[in-house]
Amino acid sequence: MAFRPLLHLLLPLCFHWIAEEMTVSVLVDVTTAALCPDGSTCSQVIYINGLQQTIVGIFKMVVLPVLGQLADEYGRKPLLMFTVSTSIFPFALLAWNKSKGYVYAYYVLRTISYIISQGSIFCISVAYVADVVEESKRAAAFSWITGLFSASHVLGNVLALFLPEKYIFEVSIALLIFGPVYMKLFLVETVRQAPRQDQRSTGCSKIFKVLQERYVSMKHAGTLVLNSSTLKGISIVSFFYELGMSGISGILLVLSLRSDPLHKQVYYLKAAFGFNKNQFSEILMMVGIGSIFSQILVLPLINPFVGEKLILCSALLASIAYALFYGLAWASWVPYLSASFGVIYVLVKPATYAIISKASSSSNQGKAQGFVAGIQSIASLLSPLAMSPLTSWFLSTDAPFNCKGFSIICASICMMIALCYAVFLKEEKPTNGESKNGIEDVEEPLIP
């Protein structure tokens, strides 16, 4: 395993995620103080955040596959530097001024930042790892990325506790700047670009050529996935898993001032058992620590013996148990038992990355990862549309029968479908003719 390139990738990513997490608690205070100075419940902030999440979800369906394609064609390094840099500008605005106008400008820039960076950082990072790590050890490397993401959230919260509030944005911006600068200096490019023709074209012809290239590249990515039984199968698994899990997240946690579950208010658990935010934080902390351990240590140890498919199926089975225990919870201790399955189902992501990576050639890593991520975005956008009204109905007095967690049980059915497809998933190697779909490969890895 190429430890040095991997280290030069993980270190700036860790600083980036810590910087983003440490601002969360302050952001709630800053936005509510600017938009609702009278100290009311501030429905305006809730509506703005809901609108932001909807816009981000819609645009991510297109942006994620495109960024994956660009990472294959123009290199991982520039795309990684670009995506991690987008978070600097929104926080810089709030560090400069926290007035109402600047808060609105922050929301605009942060929405653009989310569209570009949310999900794409993982896709491009996974493609980079596939270039520098041998196939048999990729699952462990992918698990380190997701485990480091979980650990960074914990470290960011701890750092925010000890830093004075007035310095949080300044420290966060410094850490955010550190990421792309470090990548520029130390991250090794793994893609060799083929020479391109017609570089002198200008104006409308150049715009048309760019749009034509994106269309052909998108068509190639779709053909690539549809022609591979493994990629097609894992796309279906990812869709139904995300459909169910996004629905559960929306059910358990709503009225959010932020998309991160750690900072949403309890809804279903409060309605069902009278849980408060502190009790739910206990559950999340327990799962968070366990998931870090399972991703960084457990998966790398067991993967050589059992393989990615068995890990994926076991994680999906744990997610079904998680959903059913929540949906059928008959006592206040059951949600704690249900949450413990999070230590296992968190392995769905790294196992999925590994299966996609094995089924893709070195020149199509970004395309495949981005395409599947786009499918997941569609599922996460559709899920709340069905789950939220269903939850409200069964929590109301008009429910047809007494089962407050019925919507969660419905979400578990989606994950059962994902498990069925995962069980029959065929793990195939990429074929030599994979790239012959109407577009020529424009890169090859520098590091085999």
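This is a predicted model: local features need pLDDT of at least 70, side-chain atom pairs count only at pLDDT 80 or more; totals for chains, interfaces and linings use all residues.

Reader: Why is Met 415 called buried?

Author: Buried means under 20% relative accessible area, exposed means over 50%, and partly exposed is in between (1.4 Å probe, protein chains only). Met 415 has a relative accessible area of 0%, so this residue is buried. Met 415 belongs to helix H18 (residues 406–423). Leaving aside neighbours within four places in sequence, Met 415 is in contact (heavy atoms within 4.5 Å) with residues including Phe 240, Tyr 241, Ile 320 and Ala 323. Met 415 and Ile 320 are 95 residues apart along the chain, with C-alpha atoms separated by 6.1 Å.

Reader: What makes Gln 52 count as buried?

Author: Gln 52 has 8% relative accessibility, and therefore counts as buried. Helix H3 (residues 43–74) holds Gln 52. Not counting residues up to four places away in sequence, Gln 52 touches Tyr 107, Arg 110, Thr 111 and Tyr 114.

Reader: Is Phe 325 buried, exposed or partly exposed, and how do you know?

Author: The relative accessible area of Phe 325 is 24%, so this residue is partly exposed. Phe 325 lies in helix H13 (residues 277–327). With neighbours within four places in sequence left aside, Phe 325 is in contact with Trp 330, Val 334, Leu 337, Ser 338 and Phe 341. The C-alpha atoms of Phe 325 and Leu 337 are separated by 7.8 Å, and the two are twelve residues apart along the chain.

Reader: What share of the chain is buried?

Author: Buried residues make up 52% of the 448 residues. Among contacts between residues at least 6 apart in sequence, 83% join residues at least 24 apart.

Reader: Which residues of H5 are buried, and what do they pack against?

Author: In helix H5 (residues 88–96), the buried residues are Ile 88, Pro 90, Phe 91, Leu 93 and Leu 94. They pack against H1, helix H2 (24–35), helix H4 (76–85), helix H6 (100–117) and helix H9 (168–186).

Reader: Why are H5 and H9 called roughly antiparallel?

Author: Axes are lines fitted to C-alpha atoms, for helices over the stretch in contact, and angles run from 0 to 180 degrees between N-to-C directions. Angles under 35 degrees count as roughly parallel, over 145 as roughly antiparallel, 65 to 115 as roughly perpendicular and the rest as oblique. The axes of H5 and H9 come within 9 Å and cross at roughly 155°. H5 and H9 are therefore roughly antiparallel to each other. The contact of H5 with H9 divides into ten nonpolar residues, one polar and one charged. Here Ala, Val, Leu, Ile, Met, Phe, Trp, Tyr, Cys and Pro count as nonpolar, Asp, Glu, Lys and Arg as charged, and the others, Gly among them, as polar.

Reader: What makes H1 and H7 roughly antiparallel?

Author: The axes of helix H1 (residues 3–21) and helix H7 (residues 120–132) come within 10 Å and cross at roughly 165°. H1 and H7 are therefore roughly antiparallel to each other. By class, their contact has ten nonpolar, two polar and no charged residues.

Reader: Why is H8 called oblique to H16?

Author: The axes of helix H8 (residues 138–162) and helix H16 (residues 348–358) come within 8 Å and cross at roughly 140°. That angle makes H8 oblique to H16. The residues of this contact are five nonpolar, three polar and three charged.

Technical notes. Residues are numbered from 1 along each chain as its sequence is written. Side-chain values use heavy atoms; hydrogens and water are left out. Helices (H or I, at least four residues) and strands (E, at least two) are DSSP runs, numbered from the N terminus.
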